[in-house]
Amino acid sequence: MWEKYNHFVMALFERSEEIFNNENVLHDDYQPQSLEERDSEIEQFTGYLQPVINGAQPRNIFLYGKTGVGKTAATKYLLQHLEEDSEQYDDVTITTVYLNCEDLTSSYRVAVALVNKLRDPEEQISRTGYPLNAVYEMLWEKLDELGGTILIVLDEVDYIGDDDSVLYQLPRARSNGKIENSRVGIIGISNDFKYREKLDPRVEDTLCERELHFPPYDATDLQNILTKRANHAFKDDVLDGDVVPLCAAFAAQDKGSARQALDLLLEAGDLARRQSDPVVTEDHVRDAKQLLEKQRIEESMKELTSHGHLTLLAVVASTVADPEAPLQKQTIYEQYQDLAKATDRDALGGRAFHNHLAELSMLGILDRAKRNEGRAGGIYYEYEVDVPLEAALSTLENLHMSDELDLDSLRQNAQEKGLL
Ligand code: ADP
Ligand code: MG
């Protein structure tokens, strides 16, 4: 059947090369050749790794900072240099192991993953079926066999959670006599500022022997990072002059994340390509920003329960009902109770409802501002939607919550009031 039509069918995919030279350069896993705007952090980091080159016991290093500030990139960059530079010293052998803990939510899983990273493909162990101690034994054996210095990077280490015995065991393996021939150093990386405080003090003492903080980037930093990448990623002369500064400015205003800035630039280029425009312009960046924002909200909304969805709807509906009025919890709560009733759900109590408002604020979907009630005393919060109303509304529409909710008239109402 296909054959019959084949010669009528135009190619579905054709390589398009007008905009990008190599778009992979903008992807998250691309390892840049150089790191911009991180000189002092790199210097400090290098200092912490110096004992390794000297053949001494490595320090355990804890690296923290918000998402997209170059923690992973800087670590990989330095370890690569460390390995290369160590080759000139015969008495130094370095093995580096990189592990992202995102899916490794217990010490057991981390230990299994480490054993498998260190072992040959034909000697892999299964993720279940061994007692924890047996896995540790396999780990010590392998680490001892390797000899030299072994640096283990545990990226997004906070995912390990409370079950963190591996963070206690690994740095002490040598002093506890589990291994003799190797020196092990841990580099823990986290986005979570509070993670440190949650650690058992004994774990904290060793894991955070040396500490390094990566602050957010400002607009100038981001502009330099983007310019370097854009030169490789795009063909000559396809970027309007204000595209990179605008991407940098948007990301700086938000969280100061290079990842976000790069995503925005990639999406803007992709939009231009999809629209067959020869040049990427400021408008593409603005459209890309909206698109990414919408995707982000949709992602966050998936994490929420139906009451979370109704809570957001209540805020949107209250905003449309009276766009100028500051929104307090009680107003939103009443709206929410109506919505819950309309969809045959038991409304949550005030406290549980409050938690949903707090969660939406934490996700950056709502903005929560503290207010002081003058002489009468007392503190209260005012809420507003902190993303474009259009994005919030279309996300809610896509959730297909219930036919009882008339989102069409809500949209129409919002349009009439010029809110969309
Ligand atoms: P983190 O691990 O802190 O979340 P990453 O190291 O993954 O952030 O950085 C996110 C993206 O930004 C990656 O593509 C990375 O290559 C790039 N990046 C971050 N900082 C820099 C920098 N200083 N110079 C060049 N590229 C950077
Ligand atoms: Mg990272």
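Guide: A cavity is a set of points, on a 1 Å grid over the protein atoms alone, where a 1.4 Å probe fits but cannot get out. Its volume is the space filled by probe spheres set on the points, which are joined across faces, edges and corners. This is a predicted model, in which local features need pLDDT of at least 70, side-chain atom pairs count only at pLDDT 80 or more, and totals for linings use all residues. Residues are numbered from 1 along each chain as its sequence is written.

Visitor: What volume does the largest cavity have?

Guide: About 30 Å³. The search of the whole structure used a threshold of 30 Å³ or more and finds one cavity.

Visitor: What makes a residue part of the lining?

Guide: An atom within 4 Å of a point. Gln57, Leu170, Pro171, Ala173, Arg174, Ile179 and Val184 line the largest cavity.

Visitor: Why are strand 2 and strand 5 said to stand at the edges?

Guide: Strands are DSSP runs (E, at least two residues), numbered from the N terminus, and two of them pair if DSSP finds at least two bridges between them. The open sheet has the order 2-3-4-1-5, with parallel pairing. Strand 2 (94-100) and strand 5 (210-213) each have a single partner strand, so one side of each is left without a neighbour in the sheet.

Visitor: How do you know that strand 1 and strand 4 pair?

Guide: Four bridges join strand 1 (residues 61-64) to strand 4 (residues 182-190), and the definition asks for at least two.

How values were computed. Chains lettered and ligands numbered in written order. Heavy atoms only, no water. 1 Å grid on protein atoms, 1.4 Å probe; cavity = no way out; pocket = protein on both sides within 12 Å on 5 of 7 lines; lining within 4 Å.
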